[in-house]
Amino acid sequence: MRVISGKYRGLKLTPFEGDDIRPTADRVKESVFNILYGEIAGARVLDLFCGSGSLGIECLSRGAAEADFNDASARSAAIARGNLAKLRGASGYTVTVGDYSAFLSRNKKQYDIIFIDPPYASESGRGALELIASTGALKEGGVAVYERDRAFEGEIEGLKKFDERRYGKTYVTFFTPVGENL
């Protein structure tokens, strides 16, 4: 696992290991960041199910102004903190431990980009999208990126699905607040 582009390009990140862990493949990450290319510089980013922190770190490498990392696992958060420590001179980030719903319920910030990459077996992603919509955590013009093992079905009130891509067994779905013209 490595940083693909930007200031920290090539930096090797410590992965979170285990049988139930599935880090975002470099090929998928590169494709997602090609889609988000014009959205990252100066952005406020949330890596909600951060794991090792690779998605938020990629944003910091590409010029995001701020990144918040959250994971329910203290072990994941520790790995993310360790990876962030490798970014010499980086600032503008926080790492918290807690359930996604508690984080979104107490959060007062609005984000330009929110990554939602929960364990595939859970339905936490849909719950996170619903809370993002109801709390206004995604600012107007912002993008929520949801990674999972199957195509997204149904709708989320307050969010509009504007793109979905398949990379092998991985699906990445992109949402924006209702009313956005994308």
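The legends below describe close-up views of a predicted model. Local features are given at pLDDT of at least 70 and side-chain atom pairs only at pLDDT 80 or more, whereas totals for chains, interfaces and linings use all residues. Residues are numbered from 1 along each chain as its sequence is written, and side-chain values use heavy atoms, with hydrogens and water left out.

**View 1. The largest nonpolar core and the surroundings of Val-32**. A nonpolar core is a set of buried Ala, Val, Leu, Ile, Met, Phe, Trp, Tyr and Cys residues joined through side-chain atoms within 4.5 Å. Buried means under 20% relative accessible area, exposed means over 50%, and partly exposed lies in between (1.4 Å probe, protein chains only). The largest core holds 30 residues, of which Val-32, Leu-36, Val-45, Phe-69, Phe-115 and Val-145 touch the most other members. At least two residues of this core come from each of helix H1 (26-35), helix H2 (54-61), strand S2 (66-71), helix H3 (74-85), strand S4 (111-116), strand S5 (138-148) and strand S7 (170-177). Helices (H or I, at least four residues) and strands (E, at least two) are DSSP runs, numbered from the N terminus. H2 gives the most to this core, namely 4 residues. Apart from this core lies another of 21 residues, including Leu-46, Phe-49, Tyr-100 and Leu-159. With neighbours within four places in sequence left aside, Val-32 is in contact (heavy atoms within 4.5 Å) with Phe-115, Val-145, Val-172 and Phe-174. In soluble globular proteins, nonpolar side chains tend to be buried together.

**View 2. Strand S2 and its pairing with S1 and S3**. Two strands pair if DSSP finds at least two bridges between them. Strand S1 (residues 44-47) runs parallel to S2 and is joined to it by 4 bridges; Val-45 has Ala-67 of S2 as its bridge partner. S2 is also parallel to strand S3 (residues 93-97), with 5 bridges between them. Ala-67 is partnered in S3 by Tyr-93. From S2 the chain passes through H3 to S3 in a right-handed β-α-β crossover. S1, H2 and S2 likewise make a right-handed β-α-β unit. A crossover is right-handed if, with the strands pointing away from the viewer, the path from the first strand over the helix to the second runs clockwise. Of the 6 residues of S2, 6 are buried: Glu-66, Asp-68 and Asn-70 on one side, and Ala-67, Phe-69 and Asp-71 on the other.

**View 3. The buried side chain of Asn-70**. Asn-70 lies in strand S2 and stands opposite Thr-96 in S3. It counts as buried because its relative accessibility is 1%. A polar atom of its side chain is 3.0 Å from the backbone oxygen of Gly-98. Beyond its neighbours within four places in sequence, the contacts of Asn-70 include Asp-47, Phe-49, Cys-50, Val-97, Tyr-100 and Phe-103.

**View 4. Asn-83 in helix H3**. Asn-83 is buried, with a relative accessible area of 0%. Its side chain has a polar atom 3.0 Å from the backbone oxygen of Ser-52. Setting aside neighbours within four places in sequence, Asn-83 is in contact with Leu-13, Thr-14, Ser-52 and Ile-57. The C-alpha atoms of Asn-83 and Ala-128 are 25 Å apart, and these residues are 45 residues apart in sequence.

View 5. Just after H5, Gly-136 takes a positive phi of about 75°.

**View 6. Glu-147 in strand S5**. Glu-147 counts as buried, at 7% relative accessibility. Its side chain is joined to that of Tyr-120 by a polar contact of 3.3 Å. A polar contact is a pair of N or O atoms within 3.5 Å; within protein, one must be able to donate a hydrogen and the other to accept it, and residues adjacent in sequence count only if both atoms are side-chain atoms.

**View 7. Lys-7 in the segment before H1**. Lys-7 is exposed, with a relative accessible area of 63%. Lys-7 and Glu-58 are 51 residues apart in sequence, and their C-alpha atoms are 9.2 Å apart in space.
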